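Please consider the model shown here. The briefing that follows takes its sheets, helices and backbone features in turn.

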Number of protein chains: 2
Amino acid sequence: MMKIALDAMGGDFAPKATIEGALMAQKALPKDVQIILIGKEDVIKQELTLLQAPTDSFPIVHAPEVIEMGEHPTKALSQKTNSSIAIGFGMLKQGAADALCSAGNTGAMMVGSMFSVKPIEGILRPAIAGFIPKVDGRFGVIIDVGANADCKPEMLAQFAILGSIYAQHVFGWDKPKVGLMNLGEEEEKGSILTQAAHQQIKALGDKINFVGNVEGRDVFTTAADVIVCDGFTGNVILKMAESLYDIFHEKNFLDNFTKLFNYEAVGGSPILGVNGNVIIGHGISSPTAIKNMLNQARLQVEADIVGKIKKAYA
Amino acid sequence: MMKIALDAMGGDFAPKATIEGALMAQKALPKDVQIILIGKEDVIKQELTLLQAPTDSFPIVHAPEVIEMGEHPTKALSQKTNSSIAIGFGMLKQGAADALCSAGNTGAMMVGSMFSVKPIEGILRPAIAGFIPKVDGRFGVIIDVGANADCKPEMLAQFAILGSIYAQHVFGWDKPKVGLMNLGEEEEKGSILTQAAHQQIKALGDKINFVGNVEGRDVFTTAADVIVCDGFTGNVILKMAESLYDIFHEKNFLDNFTKLFNYEAVGGSPILGVNGNVIIGHGISSPTAIKNMLNQARLQVEADIVGKIKKAYA
């Protein structure tokens, strides 16, 4: 039985949206996937009743505290040991859950990843992977999208491996093409960081399928399946891509490609390189987004991404 | 009489596209704007004849050499002293031209700006301004888009001033809103660079209208008229925005907003902070792009951008 823990209290529209999403996921996911809700038991049961679902629809792990969106992550996580996120990390660490999903305080999810389940041995800094639609209708991986605003070249080389493992085993792509986001195609181009990173990624040899530098114009193309960049650049790219959905929607530019820009389509971003499957959702997560985040967690557990990354660094 | 020098040999489709663009601009621009072509005289005259225009349509400054697209900028500019770009900078420096436009080797245009006309006193590093469509149908300014891949906070503070002066005097916007591209709205967020830059830009006081941090999702919105960033980030953003035009075009998503994504609509990017009006065009410049670049040069000369920047740093 696979166990996916969901922070029922996390997100702007929680607990209504999270619980509704959990109910949707329960119908859609295989029977051997169990969703565990973490949060205030009475609130969750009340919400289930309002949604006309049995109060025993899910196992509930009671968490009397909530880390709010605006709270300082480190302080909140160390002080609110009975918060849904703190308890979730405890479950992940003890093996009581195979994955932890939350649309709540991103910083707290990052801090929990770093100090509770901790980075996998050999990983310098975990990174957040994001997903951006490609013109061929698939999603591309972009890593890092915000965990590390300032990076060293060796971190980018690790992101290349993390992203490649994810794309290969979760998306099932053979030898995913890994590109380094840069100013130009030539390898001597770029910032101090990307010039050095290019050489380090190249030196990985056949550990990954490095296709060299890519540029801003390649974000939506199939030039690379996995785009590697520092967390500042990746955050700007991801948010810029996401903002297109509103434009497409307002102008009624809707087709199989543009509808993928809806953040709901993916649901969440995994933190890669830590000892556990941790997925963070958008603050504004709708029930559909929550459902898709839970499904994504399932795929990541099935693919044993943590095990694959450990093996790469063993 | 305003004199705009055009490198007739620069660009993938030169000299045909440049000369055709010059003819288009000549018809469109006021009579007191003179376009001067720099390049191989016989080639230019032959091209004019092919285009069924008189061979004396423009004053021609003969330049027997050409700096090719792939050449090393510094080396090429110092060795090919009779190239169209080298001669163009000479004209700019001597006052024989009020502006220099080229769709040729961007690096050579940058090197010429640095070592021929040179940065304005007080300017740490000149920057390239780019233009990105806003949902309200205007163009926003983004600075830097590639001259400086690695930046210091004080450089970003200067870019804020340069971009603001350009937006105010070329686009005619009163108190343009200047935003710093960052990871989040809160001023303590960001990379080491943007955290420090935020404070330095804030310290400019009423020299500019600083609206604080903006994010990737604000590139196309009216949150800021001028977006300040390092040249790496700006280059990625600009190329990503440009790549949308092909997507819009292919899908027939064409309206008053999306058609602005056509690079031809603007034509060129000014190098700001140097002692002269220098504008670089896209390598693939079409005649329409050349025409619009020449018009943009005219607006920049009329607005006396160089004088305005000098005054700000006097």
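**Briefing on the predicted model**

B:Asp144 lies in the loop between S6 and helix H6 (153-169) of chain B, where helices (H or I, at least four residues) and strands (E, at least two) are DSSP runs, numbered from the N terminus. A cis peptide bond, with omega of about 10 degrees, joins B:Ile143 to B:Asp144. This is a predicted model, in which local features need pLDDT of at least 70 and side-chain atom pairs count only at pLDDT 80 or more, while totals for chains, interfaces and linings use all residues. Residues are numbered from 1 along each chain as its sequence is written, and chains are lettered from A and ligands numbered from 1 in the order in which they are written.

**Sheet of chain A**

- In chain A, 11 strands build an open sheet of mixed pairing, in the order S3-S2-S1-S4-S11-S10-S5-S6-S9-S7-S8; two strands pair if DSSP finds at least two bridges between them.
- Strand S3 (60-62) and strand S8 (209-214) of chain A are the edge strands, each pairing on one side only.
- From one strand to the next, the twist averages 25 degrees.

**Strand S6 of chain A and its partners**

- Four of the five residues of strand S6 (residues 139-143) of chain A are buried, so that the strand is mostly covered. A residue is buried if 20 or more other C-beta atoms lie within 10 Å of its own, exposed if 12 or fewer, and partly exposed in between, with C-beta atoms placed from the backbone.
- Strand S5 (residues 127-133) of chain A runs antiparallel to S6(A), and five bridges join the two.
- Within this pair, A:Pro133 stands opposite A:Phe139 of S6(A).
- S5(A) and S6(A) form a hairpin with five residues between them, and A:Gly137 in the turn has a positive phi of about 95 degrees.
- S6(A) also pairs with strand S9 (residues 226-228) of chain A, in the parallel sense and over three bridges.
- A:Val141 has A:Val226 of S9(A) as its bridge partner, and A:Ile143 stands opposite A:Val228 in S9(A).

**Sheet of chain B**

- The open sheet of chain B consists of 11 strands in the order S3-S2-S1-S4-S11-S10-S5-S6-S9-S7-S8, and its pairing is mixed.
- Its edge strands are strand S3 (60-62) and strand S8 (209-214) of chain B, each of which pairs on one side only.
- Neighbouring strands of this sheet are turned by 25 degrees against each other on average, direction ignored.
- Strand S6 (residues 139-143) and strand S9 (residues 226-228) of chain B run parallel and are joined by three bridges.

**Helices**

- Helix H6 (residues 153-169) of chain A has 17 residues, which at 1.5 Å a residue should span 24 Å; its end C-alpha atoms are 25 Å apart, which agrees. The expected span is 1.5 Å times one less than the number of residues.
- H6(A) is largely enclosed by the rest of the structure, because 14 of its 17 residues are buried.
- The axes of helix H8 (residues 231-250) of chain A and helix H8 (residues 231-250) of chain B come within 10 Å and cross at roughly 25 degrees. Axes are lines fitted to C-alpha atoms, for helices over the stretch in contact, and angles run from 0 to 180 degrees between N-to-C directions.
- That crossing angle makes H8(A) roughly parallel to H8(B), a term that covers angles under 35 degrees.
- The contact is made by A:Thr233, A:Val236, A:Ile237 and A:Met240 of H8(A) together with B:Thr233, B:Val236, B:Ile237 and B:Met240 of H8(B); residues are in contact if their C-beta atoms, placed from the backbone, lie within 7 Å.

**Backbone exceptions**

- Most residues other than glycine have a negative phi, and most peptide bonds are trans.
- B:Pro15 lies in the loop between strand S1 (2-7) and helix H1 (16-28) of chain B.
- A:Lys118, in the loop between helix H5 (106-117) and S5 of chain A, has a positive phi near 70 degrees. A:Lys118 is partly exposed, with 15 other C-beta atoms within 10 Å.
- A:Lys175, in the loop between H6 and strand S7 (177-181) of chain A, has a positive phi near 45 degrees. A:Lys175 is exposed, with 12 other C-beta atoms within 10 Å.

Definitions and conventions. Parallel < 35°, antiparallel > 145°, perpendicular 65-115°, else oblique. Contact = placed C-beta atoms within 7 Å.
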